[in-house]
Amino acid sequence: MSGTYETDPGAPPPQSRALAVVLLVVLVLVAVAVTGWLIWYLLRSGAEHGAYEAAPECAIGETEVLTELVPDHELEIEETVGSAQDTFGTGWQCRWATPEDGGTAVPAAATLMLVAAPVEGGDETAADTLEATAAGNDPRPIDDLGDEALTWVEIGAFEVGCTGVRVSNLYLESCYTASTDYDAVGSVAGEDAAAESERLVRSIVAELPEGIEVNETD
């Protein structure tokens, strides 16, 4: 009919087009929100695993402080500890000692344990390892070393001083003892040995990388 505007019977009414636009905007906003949440979750989950996918090897303990505390030292033990099945993680145990023969220096020895827990809640795992290791030895907290640290004395035929520290999901522990004479008849006082073990641990922590990643293709 002349003068009459006819609409396309197949076109949706104006209200339907507006609703479709609103729904599209809502879907886009939801998709953006979900993507943002997923990125945040993945980053958060990675952080929970901690900074260390593996523990440093024994060589990191070869500091100037070790040379001072254990004269003419030799690396007697360099072994891996833990496995994929162990909840505490995996790493290295090391021991340096003054050679018994020769008598050029008073005998001394230092041990080092390095264990990383690259699992969800790895920080808590390393903290539990620190607490469990020091338990029963009247540990004393150290406020300015790593994320948390304890020092203690182990009483025995020779008194041994130890210091344990957590850095993210890495547990680091060093123990030290030294003889008072060349014949290794008696040891230095445990508190003195503990102070020296703390000094050694500080020198090692200062050399730690901020984190260690494992290349899965290696």
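Which residue in β3 stands opposite Gly91? The answer is Val115.

This is a predicted model, in which local features need pLDDT of at least 70 and side-chain atom pairs count only at pLDDT 80 or more, while totals for chains, interfaces and linings use all residues. Residues are numbered from 1 along each chain as its sequence is written, and side-chain values use heavy atoms, without hydrogens and water.

**Strands**

Strands (E, at least two residues) and helices (H or I, at least four) are DSSP runs, numbered from the N terminus. Two strands pair if DSSP finds at least two bridges between them.

| Pair | Bridges | Direction |
|---|---|---|
| β1 (residues 74-81) and β2 (residues 90-97) | seven bridges | antiparallel |
| β2 and β3 (residues 108-116) | eight bridges | antiparallel |

**A loop residue**

Val185 sits in the loop between β7 (170-178) and α4 (190-205). Val185 is exposed, at 64% relative accessible area. Exposed means over 50%, buried under 20%, and partly exposed in between (1.4 Å probe, protein chains only). Beyond its neighbours within four places in sequence, Val185 is in contact with Phe158 and Ser179. Contact means heavy atoms within 4.5 Å. The C-alpha atoms of Val185 and Ala157 are 9.6 Å apart, across 28 residues of chain.
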